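Keep the model open beside the text.

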Amino acid sequence: EDLRAAGRLGNAAGDPGGGDEEGGAEDGHGFPAVEFVHGNVLTEDWGSPDIVYCFCTCFPQPLVDLIELEMLARLKAGARVLVVSKALSNLSQGFEEVGMVHVSQRHVAGVDRQLSARIYERRAGA
């Protein structure tokens, strides 16, 4: 509920939850239906999602830049992107950083590590 109140959850049309533009499909708990796509982000057909989660800890910045260009081509205005451990270069000013959170991740040695997660929104017309 806190994410909805902060305006960070919902679809690209600005719906704060409870349905999508195509007909209000829900997951049984009042949230929009979610589909996870696992594969090569540069070659997989992942359509034009409202929200993209990208855990980039092990990605070199040139790969993050390629992913950014792919998202720029696919995402509609208002779509949100959560990038963990890296930042978008914002090569064409197509994304606006709208927030950042810090998350704790436990590693094998039992050591907690703080990771930054940046939240971006796809700008219109870029």
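Gly99 stands opposite Ile119 in strand S4. Strands here are DSSP runs of E with at least two residues, helices are runs of H or I with at least four, and both are numbered from the N terminus. The model is predicted, so local features need pLDDT of at least 70 and side-chain atom pairs count only at pLDDT 80 or more, while totals for chains, interfaces and linings use all residues. Residues are numbered from 1 along each chain as its sequence is written, and side-chain values use heavy atoms, with hydrogens and water left out.

Eleven bridges join S3 to S4. The two strands run antiparallel. Two strands count as paired if DSSP finds at least two bridges between them. Four strands form an open sheet, in the order S1-S2-S4-S3, with mixed pairing. S1 and S3 stand at the edges; each has a single partner strand, so one side of each has no neighbour in the sheet. From one strand to the next, the twist averages 20 degrees.

Helix H2 lies across S1, S2, S3 and S4. Its direction makes an angle of about 130 degrees with S3. Axes are lines fitted to C-alpha atoms, for helices over the stretch in contact, and angles run from 0 to 180 degrees between N-to-C directions. Contact means heavy atoms within 4.5 Å.

Which residues touch the most other members of the largest nonpolar core? They are Met71, Leu75, Val81, Leu88 and Phe95, in a core of 15 residues. Strand S1 (51–55), helix H2 (61–74) and S2 are the elements that give two or more residues to this core. H2 gives the most, with four. Such a core is a set of buried Ala, Val, Leu, Ile, Met, Phe, Trp, Tyr and Cys residues joined through side-chain atoms within 4.5 Å. Buried means under 20% relative accessible area, exposed means over 50%, and partly exposed lies in between (1.4 Å probe, protein chains only). Leu88 touches Val64, Glu68, Met71, Val83, Phe95 and Tyr120, leaving aside residues up to four places away in sequence.

Neither residue is a glycine, yet Ser85 has a positive phi of about 80 degrees and Asn90 one of about 55 degrees. Are they buried or exposed? Ser85 counts as partly exposed, at 23% relative accessibility. Asn90 counts as buried, at 15%.

Ser85 is also among the residues touched by Ser116. Ser116 lies in S4 (residues 112–122) and is buried, at 17% relative accessibility. Beyond four places in sequence, Ser116 touches Val83, Val84, Ser85, Met100, Val101 and His102. Its side chain makes a polar contact with the side chain of Arg118, at 3.3 Å. A polar contact is a pair of N or O atoms within 3.5 Å; within protein, one must be able to donate a hydrogen and the other to accept it, and residues adjacent in sequence count only if both atoms are side-chain atoms.

Last, the cysteines. How many disulfides does the structure hold? The count is zero. A disulfide is a pair of cysteine sulfur atoms within 2.5 Å. The sulfur of Cys54 is 3.2 Å from its closest cysteine sulfur, in Cys56, which is too far for a bond. For Cys58 the closest cysteine sulfur is also in Cys56, at 10.0 Å, again too far. Cys54 is buried at 10% relative accessibility, whereas Cys58 is exposed at 73%.
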